[in-house]
Every structure is written in structure tokens, then in C-alpha cells.
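Here are a few exercises to work through with the model open in your viewer. Try each one before you read its solution.

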Amino acid sequence: MDNVTRRRFLALSGVTAAGALAAGATQVNWSDLMAAAVDDPLPSDQSVLVVITLYGGNDGLNTVVPAADPAYQKARPDLAYHENEVLDLGEGLGLNPGMKGLKGLWDDKRLAIVRGVGYPDPDRSHFRSMAIWQTASPKSPIPTGWLGRWLDATGADPLRAVSVEPTLPPLLAGETTAAASLPLRGLSLPGGALGTAYAALGKPSPGEGHWQARAAKSVLDLQNATQVLGKAVKSGHEQEDDDDEERTKGASAGGASQLGAQLELIAGLIEAGVPTRAYSASLGGFDTHADERGTQERLLTELDGALTPFVQRLQKTDRGKNAVVLVYSEFGRRVQANGSDGTDHGTAGPVFVLGEKVSGGFFGQQPSLTDLSNGDLKAGTDFRDVYATVLHQVLGADPAQILAGHQTTIDGLLRA
Amino acid sequence: MTEISERAVVRRLNDRFGFGPAPGDLEAGVDATVRRLLGPLTDAAAAALSPPTGLEPPTAAKKQDKDAKKAANKQRAAQERKLTLWWLDRMVVSRTAGERLTWFWHGHFATSNQKVRNAAWMLAQNQTQRRLALGRFGDLAQAMIVDSATIRWLDGQKNRKGSPNENLAREFMELFTLGIGHYQEADVAQAARCLTGWVLRKDVATFQRKRFDSGTKTVLGKTGDFDAKGFANLTLAQPASAGFVIGRLWFRLVSATPPDAATVARLSAAYGVNRDVRSLLMAMVGEAAFKDPESSLVKQPVEWAVGLLRALRLRPSKLEEKEQTKLLAGLRGMGQLPYRPPSVGGWPAGASWLTTSAGVTRLQLAQQLAKKAELSAVKNEEDVAALLGVDGWSERTKTALAGLKDPAQLVAVAACSPEYVVSG
């Protein structure tokens, strides 16, 4: 597809479509890569990035709560937390009461909160704003995700990045490479004549169409992913979704469930030393237009219950100590409550960065609740500053190459 | 431009306006196939399958009563399962484009029972989409904006005079009728006011005048006391709307490459002031792009599975309960369960269905279904090509299949081949 077509494609098909945009043009010598991956696991001093996407637009103001600010109480009479309800972080801010484990990590200086993160001219569409965060291109739609471009730049190996979500998120789709995806129940292929015949479908066939070639390449990628990643997965544990009513009230904007199981799988892969440097997981349900307090608190409790043991587990191994976790959502929500005890789509929000290599504490300015733009918060930190920081310090890449020249980083967020 | 063969056109018609060819379908000519799929005849085979009954949601359990809650969740899951199997069955037996377009509209006005939690409402929405599948798009959009499942999904019942909720208003313009970039933030806020007044009663969405904001609104450049219907009409009348709807149908039924301006103009003429979907589809079939070898599409998991069931003469309702469970688990594993789109934006497309995790599940499901089928006539790769209705095998696939003797294995591997996973 040409660029215009791709752009149109992205616009038409919404947030999950950019996964479709990574063209399989580069021929990779798979046997070499395979041998390298099996014989030469990731050195334990190489750091790893785990990106967690909260789909639906998490309400930042009820996550890192300015409970002491009278303007906050006034804007959300029925939705606001009082000072004595939140977990005090200092500077007049407190964590949502559902995040007790993260409060412990904060006290241990393992949680950094970058406040007021966003981008210029905020877009209030879930799909457009999520595409902006995942492509790191706020001005014009582009067909590649920011970690996809990192994949392209570092040798087009799909095993360098792994998604544990049901469908591949756009952030992991590059021009020539898309990350591998690993279901929670693990990967395994049959052996014998059936396995051999199936594997033979992975060969390219001269003259076949674009999509047929992509389908053949996906069979080949699967063979390799199964050999490298399949072993690291002990046993499948896909549970029934928890479809409790409170849990699903904000569910119309995508994202996965079972974050705990996703992170457990990632922890196992990191500890096994698979040659993967970037992981993606997600949690959906944050589109809280109505009855927000119960729903969001429950989701943040779920996030807390998944993230806390994950970060604690990582601290126990050398490989885990080199992992950095990034948590973001496509936008925050309107300062003013909407009258159905919820909030409509807004702008800037906090980004969490966690891990042994993180310098805990606040970064960036807390957005003002009185100096608003059309009723919404003004972003003080560009989201690409966060990306540039982890690209440079976690993945050892040149941010400017991947972020269209953007290279501003956040000083002191990560330890050298 | 080179064209695909006449037989391949017939196969493509079956893929795009049905769920793949049933045994014998490829013997028909192009005109007869178009008449069968897009003509005025009703789909007697599908209509013979009456929808499930007893889908009314269980009465709400008390918050503290864990056992009652569990029982209610179990009942809801059983209802959804019944509904899903019924629809899959309809897809398998369907003979006209009606069922395929119902499937398309389900992805377009994407609504998930995850949040709706009411199988009766999901069925009602589904039946409305079926009734209007090839009719006037305006009628469909009008019906969807006040549909019970849509309203619950996008918080419409919370939207009332004095405290608007923007969820439905925004998604209706962005995803259902206009597309992003063809409205302003102020239009979203004003449109939300037009959509006030709707509440959800036990059976159906109802309009309550006292909750409706009857003041003057300015939406998309027009000022007046608009209600839901008035707002829907305003969006449909926008010049961008026809191109948006045409683009969405084209993307799923013809090609991932958008139509050029001249094509859009021809298709818009066929769609016309009546916004007639059937005429539009007929015009799409007549476009050169429909016969272009480049116009290939990766089958969505439901299309792939239904096509395979149909070719193997299997019916979801006739499978043992255990096998039905595996079928539904397989669809979930590939990332696509009917009545469960991942978001209001609908399902992804193209390479999103070619992930490593989807590949593993596809092979498992193909093996499972092949084992249940009567395959005594299948001896070699040519028999499998005829059974699945593929145009022909590449040397690669021929070589892969040559190593297999067992008919079920032959079918399972063939069903995972690029030639079958993609609608060429």
C-alpha cells in the first residue's frame, strides 16, 4: 500500500488497524535469527520495557487526586474524593484509594508519576487519540507504531517485541516488522506429518498476492515464536472474563482484561531470558461516562493488584531489575463531572513509570484546575518526552530516529 | 488491468456477499450468483431457523448475594451462547447477502454484550440490522440511534436535560455516519443535547419528554429544536456521510485500498438520495476493482470458520455441546466472537488476523472441525481444493499437502493455507 492508502486505512479502521499496516517486505534470515535466539538468550544486563495501555481514557484526576484543591471539589461534587480518602503523596495530591500496593512502591521510591502528560491540540476521539499515543505522531496519521519503528530500526526481528493481548496493538506495528503475539494459554504446534505440512505453508510462493504472502510469513513467524517463546510458558491459564456489571460500565472503548495473567506471563518470559526487549499488555474499561467512581476504583484496584506483585517479582531477579514499566491512557477526562456521575472525554493525564531503575517521585507540573482550555486540562509535558527517555535509557536507541527528531527527555526519571 | 477468471469472480462473490461457497455454488455463473445473493429473494433457509427464546436477563441479584450473582452470570452466559450459536447457524445456511450484511452492520454499529448484558436486546438489535441490511441506510441509522442495546452500550439512558452525556453523540458521528474530521467538538456537545430524553425500560428504549432538552441547538451548521431523529438526519445530509458509508462497505467487501474519487462518485450515484444499500452493492460488483486480482482481503475469523463449516457440511447447532464450546473458544482465541466486538470501533482487519496467537488457534479449530466432517471422498489436494472452493493451489501449498494421507489432516492444513485464509 502507498502512504496515502495507509493513512486512509488507519483513519477508516480505528485503533486496532495499524497492526494491519506493518508490511512484511523485508526478508529475514530466520534460521540465523532462530539460532541466535535459542543459543544466545538476552544478556541479563540488557534492560526491558513493559508498556501497559489503559483503554478508554483513564480519569487522571481521580487517579492522582488533587483532593486538597477546592476547584477539584467544586467541579465534581459527587465524584470527588476527599482528602481523608486518598493515599497521600504530598504536594496536595493523593492516589486513588484502590491503589494501596502502588502507594507502597511510591514509598519505596519505585514509582514515578509524570503529571499532566499530553500533546498539542488534543483530540477527544478514543481512536484518534489512541492512535496518536501509539504512533507518537500527534500532527498527521502515520502507519507505524513507535515501538514498531524501533523494531524496524533494530533488525526487523518480531521476537524483540511481544504482545500478550488478543490482537496486536498498533504501537508494535512497524513498516517492515510486526511484533509477535503470545496468547495467555501459550503457543504449541502439532508435530508429525501434520506439523511438517503446516510448517511448509510458511514458505513464500513466487508471484502470490500481498495478503497471501503476509499469511505465509505469519506461519513462518509462528514456527519461530513457538520454538523461542513457547518453552517459556509453563501452563496456560485463561480464565473466564469477570463480567460483573460494575467492571464493564466503561467497556465501549476496547482493551483486554486479565491484566494479572498477562503480567505473570511477561514476568516468566523475562526471567526465562527470551530475546525480547519490549512487551505490551493492556487493560480496558476506562470509558467512564457514567457512574464512574465505583467502576474506575474497581479497575484501578485491578491495575494495582496486577502491577504491584509484578514489580515486586521483578525486583527479585537480575533480569527483572532491569525492567521498566510504563502505564498510560489515551486521554484524561473532563474536569467537570457530566451529570451521570461520570466524565466525558478530556485531555492530559498522569503517566506511571515503575521499576528498580526508576527514581520515584513526581515529574512534570500538576495541571491547573482553574487555567483550563475549553474546560480541559492543559498538558505540561509532551508524551514523547517520556518515550524518548525510555527509548534512550531502556532500549538504548536514538529517540530522534524513532520519534521524528523529538529528543527531549525527562531528566532524572531513570537511574543511569 | 488483468482480471480474475470467471470462476474466481463467482468464488469472490460467494466470499464477499456470503460466507464462502457451499458445495455446488461454484458451478453457477456470475449473473445467477449475483441474482441469488443480491436479488430480492428472501433467504428461506436462514429464515427457517427461529431465533432463540427465553433471553430476558435474569433479575438483578442483591449486591451481597454472591451465589445469586453467580447464578445470574451463568444464566446470562448461557443465553449469549444460545444466541451466538443460533447466529452462526444462520450464517452457515444463509443463501443471500442478507446475513453477510447483517454481520457487516454488526461490526459497523459495533455493540458488545459485555456491557449491554442483555441477550434479548442484542437479538433485537441484530434483527433490526437484518431487516434493514440491504435497505436504506437512513432507516438503519435512525433505528440504531434509539436502539436499546446501542443506548445501553453508549450511556444514552444517562443523557438527560441539563446534564448531557456525550458518548453516543460522538461515536454516532465518528464511527457510524460521518467519520472523524467532519464535525467539531461543539457539534458533539450540541448533538448530545439532541439525544437526551431516552430511558431504558424493561422491554425497550422509551422517550421521556421531561428528560428531553427541547431548547434550540446548533449542530453541523444548522439551528433548531432537534431530537434524535432530527440529529440523525442532519448527519446523513452531510456531504461527507455517503463517502464514509461507501468507504466502510468497500473496505470490508471489496478491497483494503480505498476507491478513488471517480469510483466514489459512481458509487454515490448508485447509493443515491435514498441511500440504498442494495443498489450500492450492485454497483460495487460492477466496478473493475471487484475483478482486480489485487482486491484480496484477509478473511475475518468468523468468515473463515463459517466458510469452513459450510464447506464441510457441518452445522454449529448439530455439533455436540463439547464441540460447540470448542468452536466458540476457537473464535475467541482468534479474536472474534459475534456480539463481542472489542470496542465501538468494531473489529480490526488485515494483518491483525494473522498474528502468531491467531495462527495457533486457527490450526486447532481446523483440526477439530475436519475430524467431525464426512471426508471419505477426499483423497488428495485436488479434492480438498474442490471441497473448500479455492481457485487453485500454489506450488508451495501443493508440496505441503503432498506429505499428507489422512483426509482430516489434509483439510486442516489446507484450511490454514494462505490460499484459504485470504479471500483472493
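Domain bounds here come from an automatic or database domain assignment. Keep in mind that this is a predicted model.

**Exercise 1.** Work out into which domains chain B is divided, and how they touch.

*Solution.*
- Start with the bounds: chain B splits into domain 1 (1-41) and domain 2 (297-423).
- Next, take the centres over C-alpha atoms: those of domain 1 and domain 2 of chain B lie 20 Å apart.
- Now look for contacts, counting two residues if their C-beta atoms, placed from the backbone, lie within 7 Å. Eleven residues of domain 1 of chain B meet nine residues of domain 2 of chain B.
- Finally, sort the domain 1 side by class: six nonpolar, one polar and four charged residues.

**Exercise 2.** Describe how helix 14 and helix 15 of chain B pack.

*Solution.*
- Find helix 14 (residues 261-271) and helix 15 (residues 277-286) of chain B; their axes are 7 Å apart, at an angle of about 145°.
- Check the hand: the crossing of these two helices of chain B is right-handed.
- List who takes part: helix 14 of chain B brings Arg266(B), Leu267(B), Ala270(B) and Tyr271(B), while helix 15 of chain B brings Ser279(B), Leu280(B), Met282(B), Ala283(B) and Met284(B).
- Sort them: seven nonpolar, one polar and one charged.

**Exercise 3.** Which helix of chain A gives the largest share of the side that touches chain B?

*Solution.*
- Count the contact first: 64 residues from chain A and 66 residues from chain B.
- Then pick out the elements of chain A that supply at least two residues each, among them helix 1 (3-13), strand 7 (180-181) and helix 8 (210-229).
- Helix 8 of chain A comes out on top, with ten residues.
- By class, the chain A side has 32 nonpolar, 21 polar and eleven charged residues.

Definitions and conventions
Residues numbered from 1 in each chain as written. Chains lettered and ligands numbered in written order. Predicted model: local features only at pLDDT ≥ 70, side-chain atom pairs only at ≥ 80, totals over all residues. Helix = DSSP H or I, 4+ residues; strand = E, 2+ residues; numbered from the N terminus. Nonpolar A, V, L, I, M, F, W, Y, C, P; charged D, E, K, R; others polar. Axes fitted to C-alpha atoms, helices over the stretch in contact; angles between N-to-C directions. Left-handed = near helix turned anticlockwise from the far one by under 90°.
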